[in-house]
Amino acid sequence: MEKRPGIIKVLHSVADSDLTPGDDESLFTSGMLDSFALTDFVVGLEEEFSVKIPDSDMTARKFDTVRKIEEYLAGKGV
Amino acid sequence: MQLSTPSFFVFFLVAWLAYWSAAKFRGARLAVLLVANGFFLAKFGPLYLLLPVAASIDFLVGLGLARSEGSARRRLLLGVSLAVNLALLLAPKVMALRHAGRTGSWMALLTLSLSFYCFQSLTYTIDLYRRDDDAVATRNYWAYLGAALFFPVLVAGPILRLHGFLKQLLAPPTLSESQAGRALLLIGIGLIKKLLIADFLGQNLVGRVFDTPTLYSGAEVLAGVYGYALQLFFDFSGYTDIALGVGLLLGLRLPENFRQPYLSVNVMEFWRRWHISFSEWLRDYLMDSLPQRRREFPLLSYSYTVILTMMLGGLWHGLSWTFLIWGALHGVALAVVRIWKQRRKGKKPTAWGKVAGTLATFHFVCFTWIFFNASSVGNAVELLQRIGSNTWTVGNLTLPVVAVMVLGAVAHCLPLRWLDRSSELMGRVPFWLQGAALAGLVVLIQTLSGRGSAPFVYGSF
């Protein structure tokens with residue numbers, strides 16, 4: 001399943017920026033996400049991909065780049 | 001041993017030649033690195049040769065975590081690592097507090113802060129405890145020691161994530177001409193930043209103003225605070241540039257630590273551009289570890305974790321009220337900016353809004369630097385009173401001081417891509433000529449700076 005468009009859609013809905021990041025570009029370093037916006041982002045991903053993400057996974061390390069998010073979602077069976 | 005002194009470069013030249021002579025053989029390469037790490041540590045005092053003992057404990061904890069499934073045992077192992085590293089981190093600070101003002105105490109033996117060592121050692125064990133995807137316990141003891149005690153970053157970072165760095169260390173190193181050009185350029189820029197800007201401002205303006213603010217007008221004290229903002233940036237980023245350059249010459253990429261922080265539009269952006277490896281460490285290993293209910297109370301959770309994290313981050317610099325106030329001010333500012341952004345959801349700042357935001361952020365950061373550098377809260381209040389005294393004489397600001405401040409401000413604003421372009425040009429110069437140019441630069445800067453290099457500010461934290 002192609003996950004990138006859904007991830008970008010959720011990202012644009014919560015981020016200040018409407019730029020489209022590269023696969024390995026840090027969403028946090030670039031300022032698209034911060035620790036606070038991460039919560040909205042994770043909730044958006046849960047709705048977009050019908051998946052449950054535990055609070056313990058809600059860290060910048062796991063959702064730092066589009067590639068990491070794709071891998072994380074793949075690990076959840078998406 | 002300071003990274004800005006000629007003796008360091010002589011040491012590094014010998015280490016570099018031995019490292020590349022042994023580059024094809026991983027064991028030999030690591031052995032050279034271990035000897036270099038040991039020599040570097042020993043220059044700070046024989047006490048530091050015990051540091052490999054602490055590193056060995058973390059190495060064993062890593063192996064234990066890789067083999068343990070039970071949560072109680074894993075917690076115990078992590079507890080051991082936390083206890084060792086927090087003891088190394090806190091003991092010198094507690095002793096400094098207890099021995100403040102006493103001369104001739106054995107505090108003189110503690111010439112190197114171990115903070116940066118502790119931070120990066122904790123990335124290793126905490127990542128393993130959390131079972132992060134990238135975290136793999138290494139079985140190579142020598143590689144672990146080589147990474148954990150990597151000499152260019154021991155004094156003042158940047159803080160390495162050891163799992164990623166170990167992968168680099170175990171892979172065959174490469175050094176292209178453009179990499180070498182960039183490395184030598186970084187070292188040259190770092191030396192200029194440290195010796196010609198930071199040390200000059202420290203000796204000729206900042207130290208005097210902060211020591212005796214009552215002798216200066218409000219305008220001069222304000223200039224002293226601006227000067228400190230520049231001194232701290234050029235001192236710390238100068239160190240980082242040298243460390244990055246030294247790492248690159250060994251075929252190792254270290255994380256960047258600064259990206260024009262004083263051009264930040266708000267304080268959140270400032271912390272994405274200032275001491276990046278530390279703010280990311282705080283976020284990943286402290287803020288994320290605090291208990292919180294993000295889904296139910298997002299704003300409250302963010303505000304309390306960020307304020308507490310920044311206060312603890314402040315206390316890391318030293319156990320004093322001034323650092324606590326500095327951390328609290330930044331924590332509250334981060335929470336306020338977050339609320340502000342939340343209310344303005346979707347609205348982008350105008351060009352003038354960005355200019356106003358940049359000026360306001362810079363002045364807020366300068367205001368907090370007063371507490372950061374003041375010897376006491378009373379000293380900080382004194383400085384603030386002088387700034388508000390409505391006195392405008394500037395007779396104590398010499399032309400060279402003003403010129404270096406202007407030069408520093410302009411240098412801070414230069415486009416980052418200029419470094420890439422300069423690196424490319426430097427890469428086209430034959431390597432021997434690059435080395436000769438750097439050696440010449442070292443001698444020239446040492447001559448110009450006269451009094452030698454002052455210790456790096458962050459080396460004492």
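Predicted model: local features only at pLDDT ≥ 70, side-chain atom pairs only at ≥ 80, totals over all residues.
How does the radius of gyration of chain B fit with a compact globule? For 461 residues, a compact globule would come out near 23 Å, and chain B has 23 Å, so the two agree. Along its principal axes, the C-alpha trace of chain B spans about 65 × 60 × 55 Å. Buried residues account for 44% of the 461 residues. Contacts in chain B also reach across the sequence: among those between residues at least 6 apart, 75% join residues at least 24 apart.

Chain B splits into two parts, with domain 1 covering 24–97 + 105–172 and domain 2 covering 178–460. Their C-alpha centres lie 27 Å apart. Where the two meet, 19 residues of domain 1 of chain B are in contact with 22 residues of domain 2 of chain B. Which elements of domain 1 give two or more residues to this side? They are α4 (71–98), α5 (115–130), α7 (151–154) and α8 (162–170) of chain B. Of these, α5(B) gives the most, with five residues. Sorted by class, the residues on the domain 1 side are 13 nonpolar, five polar and one charged.

A few spots in the backbone of chain B deserve a look. As background, most residues other than glycine have a negative phi, and most peptide bonds are trans. The peptide bond from Gly157(B) to Pro158(B) is cis, with omega near 0°. Pro158(B) sits in the loop between α7 and α8 of chain B. Then there is Arg131(B), which isn't a glycine but has a positive phi, near 55°. Arg131(B) belongs to the loop between α5 and α6 (141–148) of chain B. His275(B), not a glycine either, has a positive phi of about 45°, and its place is the loop between α11 (267–273) and α12 (276–286) of chain B.

Now for chain A. Its mean pLDDT is 91, and 99% of its residues reach 70 or more. Within chain A, confidence is lowest in α2(A), at a mean of 92, and highest in α3(A), at 94. Helix α1 (residues 4–14) of chain A shows how a helix can have two sides. Its buried residues are Ile7(A), Val10(A) and Leu11(A). Looking down the axis of α1(A), these buried residues fall within an arc of 100°, so they line one face of the helix. The spacing makes sense, because an α-helix has 3.6 residues a turn, so residues three or four places apart point the same way. The buried residues of α1(A) pack against α2 (35–49) and α3 (66–75) of chain A. On the other side of α1(A), Pro5(A), Lys9(A) and Ser13(A) are exposed.

Finally, the two chains touch each other. The contact takes 11 residues from chain A and 13 residues from chain B. On the chain A side, three are nonpolar, five polar and three charged.

Conventions: Residues numbered from 1 in each chain as written. Chains lettered and ligands numbered in written order. Contact = placed C-beta atoms within 7 Å. Nonpolar A, V, L, I, M, F, W, Y, C, P; charged D, E, K, R; others polar. Buried ≥ 20, exposed ≤ 12 C-beta atoms within 10 Å, placed from the backbone. Helix = DSSP H or I, 4+ residues; strand = E, 2+ residues; numbered from the N terminus. Arc of directions from axis to C-beta. Domains from an automatic or database assignment. Rg over C-alpha atoms; globule rule 2.2 N^0.38 Å. pLDDT = per-residue confidence, 0-100.
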